[in-house]
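I opened my notebook to look up a few things in this structure. My entries follow.

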Amino acid sequence: MYDHMRALEDRFAPEPNHKRRQELESKRQEVAALLDKQGRKKLLQLVDAHTMAQEEMALASFIAGFRLAWGIAMELGADGSYSYEQEQEEINRRKNCEEEGETCG
């Protein structure tokens, strides 16, 4: 499933901001220049871990949005129509029944 979601994300997600990525890479290089070899290695590990976490969160967010949209589509397709007014009337009817202690079907 994740392969399909990743393919959909690649197709429909907005392109990353390349200027922003260049700025971040420039800052990383500035910090790396201040560090010794071991410090640079740890910095790269941190950057890699952060990038992986961002990618995982982006994919999880995309999947959650896709599932939400799919659920909405299925709900709307169940009876072929949807009315916000009818939904609000039903909610109010149930609320009134509960307040009056009646059982509503």
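I looked up burial: 9% of the 105 residues of the protein chain count as buried. Buried means under 20% relative accessible area, exposed over 50%, and partly exposed in between, with a 1.4 Å probe and protein chains only.

I noted the source. This is a predicted model, where local features need pLDDT of at least 70, side-chain atom pairs count only at pLDDT 80 or more, and totals for chains, interfaces and linings use all residues. Residues are numbered from 1 along each chain as its sequence is written, and side-chain values use heavy atoms, without hydrogens and water.

Next I checked the fold. I found four helices and zero strands in the protein chain, in the order α-α-α-α. Helices are DSSP runs of H or I with at least four residues, strands runs of E with at least two, numbered from the N terminus.

Then I turned to dimensions. The C-alpha trace spans about 75 × 30 × 25 Å along its principal axes. The radius of gyration of the protein chain is 25 Å, while a compact globule of 105 residues would have one near 13 Å. That radius is taken over C-alpha atoms, and the globule rule is 2.2 Å times the number of residues to the power 0.38.

I listed 15 positive and 21 negative side chains, and the centres of the two sets lie 15 Å apart. Lys and Arg count as positive, Asp and Glu as negative; His and the chain ends are not counted. Each charge is placed at NZ of Lys, CZ of Arg, CG of Asp or CD of Glu.

I also looked up lysine 37. It lies in helix α3 (residues 37-79). Lysine 37 counts as exposed because its relative accessible area is 70%.
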